Every structure is written in C-alpha cells, then in structure tokens.
Amino acid sequence: MSLALLIDFGSTFTKILAVDLAAEEILAYAQSCTTVETDIMVGLRRALDLLPAHLKTASYECRLSSSSAAGGLGMITIGLIPELSAEAARRAALGAGAKVLTVYSFRLSARELEELEALKPDIVLLAGGTDGGNEEVILDNARLLAASRIRCPILIAGNKAAADEVQSILCAGGKITLLTDNVMPEVNVLNVEPVRERIRRVFIERIIAAKGLKRAEEFVEGILMPTPTAVLRAAQLLSQGVGSEKGLGDLVVMDIGGATTDVHSIGAGNPIQAGVVRKGLPEPLAKRTVEGDLGLRYNAGTILKLCGEEQILRHARFLQKDLAPRLEKLSQCVEVLPQTAEDHDLDFALASCAARMAMERHAGSIEALWGPQGQYHIQYGKDLTGIEHLIGTGGIFIYHRQAGDLLRKTLFSPEEPFSLRPKNPTLYTDARYCLYAVGLLAERYSEPALRIAKKYLKKWD
Amino acid sequence: MKRPAVVLGVLGVDAHVVGNKIMAHALESAGFTVVNIGTFSTQQDFIRAAIETAANAILVGSLCGHGEMECRGFRESCIEAGIGGIHLVVGGNLVVGKQNWEEVEKRFLQMGFNRAYPPSISPRQVIEDLKNDLAKRKDA
C-alpha cells in the first residue's frame, strides 16, 4: 500500500483525505474546525483522530496540503487602465488562488494609499504599461508605495522598460520586491503564467509563516498552494489529461463555499456561432472567478439582498418562513451544518441562487449591435455554451441529495440567450470532496490523481 | 532608438477589416510599433490603448459612412483622459454619399483631428505625413 494524506486548511474546516495511491482509492475523509487563531495543529489533530485507527498510525508516502485559512491569500492589484493592465493583473491574481481585496488603476491617490495600508494585503501586484509603453504611472506608483507603510512583498509585473527602475525605487524604500514578466506585454495580450508561478513561490516561502501556518509544516511536507489553486489544477488535469490518461475536454467547476463561490473554467471559449466577433481582453485558458458576495454562510444575508426572497423561495420546496432572521443567524454561526430536511432545503435554495449568479458572472455575454450592413454580435468573455462537463464541489454537493439539480439551475436559458452559460453538459458532483486532493497530487502523481478524480466524481443523469 | 507607437483600429459598428490589415502591415514595415485594436472599436478602446502603450498617434479608420457621427467628441475625450495633445488621424469612407472632400476634411480638422484622408489615399502617403508630423512635434 502506498498512502497519501491530503490536507486542506480551509477558512472554516480542516479537511483530510487518506488515499491509497497504488489501488487508486479514497480510504477515508474527516474534517474538524480550523484553529488558525490558536494553533493550527489542534484542528488538524482533531480531524486526524476521526480517521479509522489503522490510518491514524499508518506510514504515509506523502503528506501534502493546501490552505485558505487565516483569510486566504489576500492580494491587491494595481494597473494603469482599468480594462487593460489592471484587469490583466486581477485575472493573474485570481488564477493564482488569491482573494483580490481591491484593484487600483491609474496613479494612486492619497486616499487609496491609506486604504491599501489598512487592508494589509499579503502581496501587492504592481503592473501598468505595455512593454515599451507608459512608464510614468508605474514609476509614480512605485514612489508612492516606497514611501508607504506597507510591509508585504511587492510583485512587479509591468512595463519591462521601467521594471528595473521600479524595483530600485521600492528597494530604496526598504520594500521586499520580486520582479517578473509583464502581465500584459501588449494591448490585449495576457501573460499570466509567470505571475501565477511567482505568487505561488511567495506563498510557500513567505505567506505560510506570516499567517501562523508554519507549525503545520512539522507534520506535512509543505503547504504547497492556496486551496483555490489546488482546485484549479485539478480542473486542468481533468480537462487536459496527462500521459496516456485522456482528459474530459472543456469543463467548468462550480465551487460553492461558506464565504465565496468560485467558478473555474478550462477552455478557450471562442465564439461558436458564425458572425460573432470577440472583443476585450483575452480570457486565460484556465480561468477562475471569485464571487466574494456569494457564500452560503458568511454571505447568506447578501444572497437575500441580491436575489430577493421570491427568487430564493422559488428554489425551495418547504415554505421557509422568517427568511431574513434565519439567514442573519446563519451568517453569524458559520460552522452550522444543516440538520433537518428544512435546513437542507434552505441551503439548496441559497446555493441555487449563488450558483446561478456566479455562473452568469463567469460566462461571457453577447451584445447585439446594428450597423449600416445589418446586425452584428459582439462576444465579451468566454462562450461556455458548448462546454461538455460541469462539476460541482463544496459541502452542499456532498450532503444534499438533489445536488445534481442544483447544477441544472446554472445552465443556459432561452429566455436569456445572450448569457453564454453551458447548454447541455454532463453533470458531476465531487461527492467525496477529492478535487483539492487531486490538485495537490497533480504534480507528483498526475496519472493516478486523474484516475482517482474520474473514479470518484459522481455522474448525474 | 524607440520606434514610434501608433494605435490603429476601425471605429464604431464597422466590420471592414481589409484596409485595417493593409494599413497595419504598411505601418509595421515602415518601422512603427502598431497596436492594432481591430474592428468594432469604441473611442474609449483607442484612448485606453494609447495611454497603456504611451502611443505617439491614434489612427482611426471609418469605412461605413458614419464617421462624422462616430468621431464627434474624440479630441475632447482624449483631453478628458489626459492625452489631449496626441496626434489624431482619421481616414476612410467618412461620410455618406459623394461630398466635396475639402469640406469633409475641414469638418474633421475642426473636430480636432490633425489629418483626415479620403478613401483613395495610399498608405505610403499616410506614412510619409505621419513621419513628418511626428518629427515636427519632436522638434517643437
């Protein structure tokens, strides 16, 4: 037996999965509350205690982990034009698993700088200017950051003609700097991979210790990546395959959590219909969006504000009285798991609203324009109508009996033909909560990891 | 020496891409860095690209006859965005029907464009003018 222990230090729960790599089987799953504010190891030990006896004392070939504890990886991104370099920087940070606290564009104002200091990000990503383009603004922003009180690492990914000077200015101000390739070297050209890789290294080298997670590294080999990165990696592996093990093709992963709803799509999303012209910044092949206002616990009240009572009740089977105070209570007691059929029903209704809205924001859209030669259709973002597979992950997809129905709520609707959501994908749920583990295993054990994912994803007819 | 950069595109609801591609090729061959934002571009698309790339000029193509309407306020938008002094050039089928070119040109120059060209203009002429105009600006 060749065993692996995969741990996720989540914002609310620490989850562990014991896997037999040789047999490609999941042996056990356990979870306990995350205890990052006192000692991260307490919660981990509690979860380990819930494993079957023989797995508590077993010898593991690897112990890998991801983390979104202690607020996740909080980043602030700065660019020049909101729709160009600032948006490119935001997308790169999201793809690296970050929680983007805010995005600034143009020259930072005194108020913005004050806000930036108060937000205490883990990393600042400073972009701006294409290669050989505008140097003035990124240099000015470097001077402002150099004189600021921020102490976190600053990752420089802007105009290469100004990058060295930007780094010198920041170093002279006593800041920790890292230099990488421009995130938008030309207008409408995205270059997110070098930034993502650098962020991951900073996460391993600095952020783990800064967040009080270092103690966990006595037990695990390393906290390799933020949890969303692990899920995105699993999605990439599932889509693209590895070696002789074929991938599934283009897919979307819907990750509904307590605080946020993340959507990951793997696919180019090019226009499918003839005569549609694509505009705007290109989309990354592996794209992640995070909806910070859509979560089943911390944001239960926000979902009510966004969707309204009528919409939530439309997805519920029970009458669900006193919605506002109940959701308020849920947002205060975030560790509460549904107990009764009515609780499950309320979670399902909330998740339906969150998933529907998150998919609409993630998917591209069509704008119809009339010109002298007739009507034109312009596509912004990815066309996901042809996506072949849609996978749901997160607690609700483990515990709810109608989890497949939840995914159906996110699909294309003829009433909204310009929202390019998936039309007829095969539906799966991550019923054993293994996607993060697959992402962690992806580097060293990619083929077994892929087969485990395929084996344990539950298919819905 | 840094190559001069120009933002090139087709303004408005206009799918005419052939002239745009020819112009991009000619400008690149003449030593310009071309930021081609393509068809269906708005005034803001041109301006945003010009700021991000620190472009020396914006070259607007308009082939569908709606140029007069689409180009209105272009210079003012540049001023608002902080690049009020940028060299602005427009060319193509700028108006509907056969109109006296001198009058059409005058209208576009009054709108704030530095140069306006009729549909029959050769790319060579546009490039020669552009080189001279940018050199004059540099000297000034």
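How many of the residues of helix α3 (residues 85-95) of chain A are buried?

The structure is a predicted model, in which local features need pLDDT of at least 70 and side-chain atom pairs count only at pLDDT 80 or more, while totals for chains, interfaces and linings use all residues. Residues are numbered from 1 along each chain as its sequence is written, and chains are lettered from A and ligands numbered from 1 in the order in which they are written.

View 1. Chain A holds 15 helices and 21 strands, where helices (H or I, at least four residues) and strands (E, at least two) are DSSP runs numbered from the N terminus. Its C-alpha trace spans about 60 × 60 × 55 Å along the principal axes. An automatic or database assignment supplies the domain bounds, giving domain 1 (3-70 + 211-220), domain 2 (74-205) and domain 3 (234-460). The centres of domain 1 and domain 2 of chain A, taken over C-alpha atoms, are separated by 34 Å.

**View 2. A three-stranded open sheet in chain A.** The strand order is β15-β18-β17, with mixed pairing, and two strands pair if DSSP finds at least two bridges between them. The edge strands, each pairing on one side only, are β15 (276-279) and β17 (365-371). β17(A) runs antiparallel to β18 (residues 374-380) of chain A over seven bridges, and within this sheet Ile366(A) stands opposite Gln379(A) of β18(A).

View 3. In helix α3 of chain A, 11 of its 11 residues are buried, among them Glu87(A), Arg90(A) and Arg91(A); a residue is buried if 20 or more other C-beta atoms, placed from the backbone, lie within 10 Å of its own, exposed if 12 or fewer, and partly exposed in between. Just after α3(A), Gly97(A) takes a positive phi of about 85 degrees. Beyond neighbours within four places in sequence, Leu125(A) is in contact with residues including Ala89(A) and Ala93(A), contact being C-beta atoms, placed from the backbone, within 7 Å.

**View 4. Thr260(A) in its loop.** Thr260(A) lies between β13 (251-256) and β14 (261-266) of chain A, and Thr260(A) is buried because 24 other C-beta atoms lie within 10 Å. Leaving aside neighbours within four places in sequence, the contacts of Thr260(A) include Val290(A), Glu291(A) and Leu294(A).

**View 5. Two loop residues with positive phi.** Most residues other than glycine have a negative phi, and most peptide bonds are trans. Asn188(A), although not a glycine, has a positive phi of about 60 degrees, and is placed in the loop between β9 (177-179) and α7 (193-210) of chain A. In chain B, Ala54(B) has a positive phi near 50 degrees and sits in the loop between α2 (43-53) and β3 (57-61). Asn188(A) counts as buried because of its 20 C-beta neighbours inside 10 Å, and Ala54(B) counts as buried with 20 such neighbours inside 10 Å.

Definitions and conventions. Contact = placed C-beta atoms within 7 Å.
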